[in-house]
Amino acid sequence: MANQLDSFFGAMADPTRRAVIERLASGPASVSELHAPHQMALPTFMRHLKVLEDTGIVRSIKKGRVRTCHIEAAP
């Protein structure tokens, strides 16, 4: 349990990841849409998404060339 909490709070410590969670709270979004307001390279942004996915906070589904992310509601 302590490791899960450490991972969660570590993921939420970054302002970019918090902004992604805030945006996804209003509904699913594509990676392009999530990346647009951030002034960073896409590969850097994708590392932020990977952290969120690795901790189980965010899930993504790829359909064709579009990857859509949503908040994972499981505990």
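The model is predicted, so local features need pLDDT of at least 70 and side-chain atom pairs count only at pLDDT 80 or more, while totals for chains, interfaces and linings use all residues. Residue numbers start from 1 along each chain as its sequence is written, and side-chain values use heavy atoms, with hydrogens and water left out. In short, there is a largest nonpolar core of 14 residues, a nonpolar surface patch that includes Phe8 and Phe9, one aromatic pair and three salt bridges.

**Core**

- The largest nonpolar core has 14 residues, and Leu34, Leu49 and Leu52 have the most contacts inside it.
- Helices α1, α2 (15-24), α3 (31-35) and α4 (42-54) are the elements that give two or more residues to this core.
- A nonpolar core here is a set of buried Ala, Val, Leu, Ile, Met, Phe, Trp, Tyr and Cys residues joined through side-chain atoms within 4.5 Å.
- Helices (H or I, at least four residues) and strands (E, at least two) are DSSP runs, numbered from the N terminus.
- Leu49 touches Val20, Val31, Leu34 and Cys69, leaving out residues up to four places away in sequence; contact means heavy atoms within 4.5 Å.
- As background, nonpolar side chains in soluble globular proteins tend to be buried together.

**Surface patch and aromatic pair**

- Met1, Leu5, Phe8 and Phe9 make up a nonpolar patch on the surface, with about 460 Å² of accessible area together.
- Patches take residues with over 30% relative accessible area and no salt bridge, joining like charges within 9 Å and nonpolar side chains (Val, Leu, Ile, Met, Phe, Trp, Tyr) within 5 Å.
- Those areas come from the Shrake-Rupley method with a 1.4 Å probe, and for residues only the protein chains shown count as cover.
- Phe9 sits in helix α1 (residues 2-12) and is exposed, at a relative accessible area of 54%.
- Phe8 is partly exposed, at 35%.
- The cut-offs for those words are under 20% relative accessible area for buried, over 50% for exposed, and partly exposed in between (1.4 Å probe, protein chains only).
- The structure holds one aromatic pair: the ring centres of Phe8 and Phe9 are 5.2 Å apart and their planes are at 75°, so this pair is edge-to-face.
- Rings of Phe, Tyr and Trp (its six-membered ring) pair if their centres lie within 6.5 Å, with planes under 30 degrees apart counted as stacked, over 60 as edge-to-face and the rest as tilted.

**Salt bridges**

- A search of the whole structure turns up three salt bridges, each being a side-chain nitrogen of Lys or Arg within 4 Å of a carboxyl oxygen of Asp or Glu.
- Arg23 pairs with Glu33, with the closest N and O atoms 2.6 Å apart.
- That pair links distant parts of the chain, since Arg23 is in helix α2 and Glu33 in helix α3, 10 residues apart.
- Both ends are partly exposed: Arg23 has a relative accessible area of 26% and Glu33 has 40%.
- Asp54 pairs with Lys50, with the closest N and O atoms 3.1 Å apart.
- Asp54 and Lys50 are four residues apart in helix α4, so about one helical turn separates them, and Asp54 is exposed at 56%.
- Glu72 and Arg59 meet through their side chains at 3.9 Å, N to O.
- This pair also links distant parts of the chain, with Glu72 in the segment after β3 (66-71) and Arg59 in strand β2 (residues 58-63), 13 residues apart.
- Glu72 is partly exposed at 27%, and Arg59 is partly exposed at 47%.

**Single residues worth a look**

- Val58 is in strand β2 and is buried at 1% relative accessibility.
- Outside four places in sequence, Val58 contacts Ile21, Leu24, Leu52, Glu53, Cys69, His70 and Glu72.
- His35 is in helix α3, counts as buried at 18%, and touches Met40, Ala41, Leu42 and Phe45, residues up to four places away not counted.
- Gly27 lies in the loop between α2 and β1 (29-30) and is buried at 18%.
- The C-alpha atoms of Gly27 and Ala11, 16 residues apart along the chain, are separated by 20 Å.
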